[in-house]
Amino acid sequence: QVQLVESGGGLVQAGGSLRLSCAASGRTFSNYAMGWFRQAPGKEREYVAAISWGGGTTDYADSVKGRFTISIDNAKNTVYLQMNSLKPEDTAVYYCAAAPMIATLRSGYWGQGTQVTVSS
């Protein structure tokens with residue numbers, strides 16, 4: 001059974017940093033893409049960033065470029081999202097996703113989410 005378990009969320013002041021982790025288990029994830037999405041109250045779930053399993057390809061939403069960095073530790077089956085210069089509008093539940101391709105992440109496996117709250 002595939003499991004994606006996020007951690008690292010919390011409350012931080014604007015301008016601060018957090019690092020989210022997503023531990024994947026239950027299958028072989030080689031040749032899979034991993035990604036992060038977020039959903040704020042009353043809004044649709046939106047794409048944040050993605051990475052290929054080998055780490056050679058990364059992609060970011062315009063709203064987080066230059067502030068967030070996605071990375072992967074294949075030995076630990078874990079994907080990270082380093083979030084710097086956080087803004088109140090980054091407040092959301094952050095979800096990890098896995099799928100054979102970046103383009104199909106929304107229809108892949110999902111974690112349960114971790115809350116990130118940025119105070120002004």
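1. **Before you start.** This is a predicted model, so to speak of local features a pLDDT of at least 70 is needed, side-chain atom pairs count only at pLDDT 80 or more, and totals for chains, interfaces and linings use all residues. Residues are numbered from 1 along each chain as its sequence is written, and side-chain values use heavy atoms, with hydrogens and water left out.

2. Cys22 belongs to strand β3 (residues 18-25) and Cys96 to strand β9 (residues 92-99), so the bond ties together parts 74 residues apart in sequence. Strands here are DSSP runs (E, at least two residues), numbered from the N terminus.

3. **Are the two cysteines buried or exposed?** Cys22 is buried, at 0% relative accessibility, and Cys96 is buried too, with a relative accessible area of 0%. Buried means under 20% relative accessible area, exposed means over 50%, and partly exposed lies in between (1.4 Å probe, protein chains only).

4. **The neighbours of β3.** Two strands pair if DSSP finds at least two bridges between them. Strand β1 (residues 3-7) pairs with β3 in the antiparallel sense over five bridges, and Val5 stands opposite Ala23 of β3. Strand β8 (residues 78-83) also runs antiparallel to β3, joined to it by six bridges. Look at Ala23 again here: its bridge partner in β8 is Thr78.

5. **A stacked tyrosine pair.** The whole structure has six aromatic pairs. Rings of Phe, Tyr and Trp (its six-membered ring) pair if their centres lie within 6.5 Å; planes under 30 degrees apart count as stacked, over 60 as edge-to-face and the rest as tilted. In one of the pairs, the ring centres of Tyr32 and Tyr109 are 6.5 Å apart and the planes meet at 20°, so this pair is stacked. Tyr32 sits in the loop between β3 and β4 (33-39) and Tyr109 in strand β10 (residues 109-110), 77 residues apart. Tyr32 is buried at 10% relative accessible area, whereas Tyr109 is partly exposed at 33%. Ring pairs also link Phe29, Tyr32, Trp53 and Tyr109 into a cluster.

6. The rings of Tyr95 and Trp110 have centres 6.4 Å apart and planes at 85°, so the pair is edge-to-face. Tyr95 lies in strand β9 and Trp110 in strand β10, 15 residues apart. Tyr95 is buried, with a relative accessible area of 13%, while Trp110 is partly exposed at 28%. Which residue lies over the face of Tyr95? Arg45 does, at 3.7 Å from the ring centre. Arg45 also lies over the face of Trp110, at 4.6 Å from the ring centre. A charge sits over a ring if NZ of Lys or CZ of Arg is within 6 Å of the ring centre and within 35 degrees of the ring normal.

7. **The nonpolar cores.** In soluble globular proteins, nonpolar side chains tend to be buried together. A nonpolar core is a set of buried Ala, Val, Leu, Ile, Met, Phe, Trp, Tyr and Cys residues joined through side-chain atoms within 4.5 Å. The largest one has 32 residues, of which Phe29, Met34, Trp36, Leu81, Met83 and Tyr94 touch the most other members. Strands β3, β4, β5 (46-52), β7 (68-73), β8, β9 and β11 (114-119) each supply at least two residues of this core. Apart from it lies another core of five residues, including Ala50, Ala97, Ala99 and Leu105.

8. **Tyr94 up close.** Leaving aside neighbours within four places in sequence, Tyr94 is in contact (heavy atoms within 4.5 Å) with residues including Glu6, Leu20, Trp36, Arg38, Leu81, Met83 and Val116.

9. **Two backbone points to check.** Asn31 has a positive phi, near 70°, in a residue other than glycine. Asn31 is in the loop between β3 and β4 and counts as exposed at 69% relative accessibility. Ser85 is not a glycine either, yet has a positive phi of about 50°. Ser85 is placed in the loop between β8 and β9 and is partly exposed, at 42%.

Conventions:
Helix = DSSP H or I, 4+ residues; strand = E, 2+ residues; numbered from the N terminus.
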